[in-house]
Amino acid sequence: MDKKIDLTEGGIVEKLVKIAIPIMATSFIQIAYNLIDMMWVGKNGSNSVAAVGTAGFYPWLAMAFVMFSKIGGEVKVAQSMGEKNTKEVKSYIKSSIELNVFLSITYTLVLILFNKQLIDIFNLGDLEVITMSRQYLVILAIGMIFYFINPVFTSIFIGLGNSSIPFRINTIGLIANIILDPLLIFGFGPIDALGTNGAGIATITAQIIVTCVFVGYIIKNKIEYFKVKYFRNIELEYFKTLYKLGLPVAIQNALFTLISMAMGVIVASFGPVAVAVQKVGSQIESISWMSADGFASALSTFTGQNYGAYKFDRINKGSKIGLIGALIWGSITTLVLVFLGDIIFRAFINEPDAIIKGVDYLKILGYSQLFMCIEITITGILKGLGRTYIPSVTSIVLNLARIPMAIVLSKPDILGINGIWWSISISSIFKGIILLSIFVILNKSKKLYKSNNKNNLGVKDELCS
């Protein structure tokens, strides 16, 4: 196995950069997956974008279930590595993978059996868009187990302190997607043009390749931590721990997706062009939040390992470095989206009306990027400490507020469709302010940790319950 990075020793900035760069690069790979799909689908017209965007809510919802195994696995693997407890590392890896497979099979069956009802929720009103959406959803469902397992493999390797391997493997998947997308969407030689179905097949094929490379790498390198008997002697106590850590984030992600679907229904009332604008615009904006999320994941692993090793000074210093990084990145992305929206949006879609609406979308969302990056960074720190409920509750409350805000602000006599974008931006601004305030208060009042004596370890800080 490639070198693991021990985040409990050495220069903090150096260690954070070493683990963060591959994680952020992996996030860029995921962004590239989505953007490349959208670029090619966008060339097929607004109906295709609307179809993919509508069905795409369900893979997004899937991430809520992935979080049970992803968050719990990453945090507990990192903490167990900090404690130098190999048995615990193996048990958490085993349980994360088992739980992930169980959930993926269940979710796959739901998507296939109820694809009509799931698409009908959006009241699209266009038979062609509805048909394409249903077909695209079924294609994604067939490969859903690979969509589920790849983030968990990635998080486990990151928890182990090895972020370079997920980056390399996900890059292979990106290359496959880049090659397959135009071939399957528009056809080439003997290959028929498959349109939106081709985009779905390309995406799933790339995910299958990523899974195969992960498994091949683990087998070839005989990685000790994965040498366990899967689906035998199910360790329910580890499932319970994963459930406890992952539940707040899973609920947050599920509600966020459901809220986004509700917002999608409001957007759909403005027509297919509005749906296309939201889909393309959200993919462009994802460059900001997925990059911040990548760094937050590195910070979470750093925090988890040092928490396991009881090195809390390092956590405090790492948190300050992370917040400085969030301020810089958030400021850059704000400037880019606010002032360069027209140039960026034209690369994805050609229709003049969509471009005008898309520029408004990027500008309005751009105003909230700094606050969003702060929110994501603090969330990463708290996840590493196992305090997943704090950012989850904050996010759930303010995300729910988007729906009534959108209904009111999107009225024709107020802001129209731009009111929907403002409801998203305003809630993001408040999330950043509130989480930063909570973090500062807990840190200054010394309530992030509490001290008690434990065996010969001296003082061990434990999280407030």
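1. A nonpolar core is understood here as a set of buried Ala, Val, Leu, Ile, Met, Phe, Trp, Tyr and Cys residues joined through side-chain atoms within 4.5 Å, where buried means under 20% relative accessible area, exposed means over 50% and partly exposed covers what lies in between, all with a 1.4 Å probe and protein chains only. The largest such core has 94 residues, and those with the most contacts inside it are Tyr58, Ile93, Leu160, Phe226 and Trp421.

2. On provenance, the model is a predicted one, in which local features need pLDDT of at least 70 and side-chain atom pairs count only at pLDDT 80 or more, while totals for chains, interfaces and linings use all residues. Residues are numbered from 1 along each chain as its sequence is written, and side-chain values use heavy atoms, with hydrogens and water left out.

3. As general background, nonpolar side chains tend to be buried together in soluble globular proteins.

4. The second largest pocket holds about 220 Å³ of space. A pocket is defined on a 1 Å grid over the protein atoms alone, as an open set of points with protein on both sides within 12 Å along at least five of seven lines, whereas a cavity is a set of points where a 1.4 Å probe fits but cannot get out; lining residues have an atom within 4 Å of a point. Grid points are joined across faces, edges and corners, and the volume is the space filled by probe spheres set on the points.

5. The lining of the second largest pocket consists of Ile97, Ile149, Phe153, Thr211, Val215, Ile218, Ile219, Lys222, Ile223, Phe226, Lys227 and Tyr230. The elements that give two or more residues to this lining are α7 (144–159) and α9 (196–220), and α9 gives the most, with four residues. Helices are DSSP runs of H or I with at least four residues, strands are runs of E with at least two, and both are numbered from the N terminus. By class, the lining residues divide into nine nonpolar, one polar and two charged, with Ala, Val, Leu, Ile, Met, Phe, Trp, Tyr, Cys and Pro counted as nonpolar, Asp, Glu, Lys and Arg as charged, and the others, Gly among them, as polar.

6. Not counting residues up to four places away in sequence, Asp181 touches Ile36, Asp37, Trp40, Ala199 and Ala202.

7. Ser163 is found in the loop between α7 and α8 and is likewise buried, with a relative accessible area of 2%. Beyond residues up to four places away in sequence, Ser163 touches Lys18, Ile19, Pro22, Ile23 and Ile158. Another loop residue, Gly56, lies between α2 (46–55) and α3 (57–82) and is buried at a relative accessible area of 17%.

8. The structure holds zero disulfides, a disulfide being a pair of cysteine sulfur atoms within 2.5 Å. Cys212 is partly exposed, with a relative accessible area of 48%, whereas Cys373 is buried at 0% relative accessibility.

9. Two further positions complete the note. Lys116, in helix α5 (residues 115–120), is partly exposed with a relative accessible area of 42%, and its C-alpha atom is separated by 30 Å from that of Glu98, 18 residues apart along the chain. Pro412, in the loop between α17 (402–409) and α18 (418–444), is exposed at 84% relative accessibility.

Terms used. Contact = heavy atoms within 4.5 Å.
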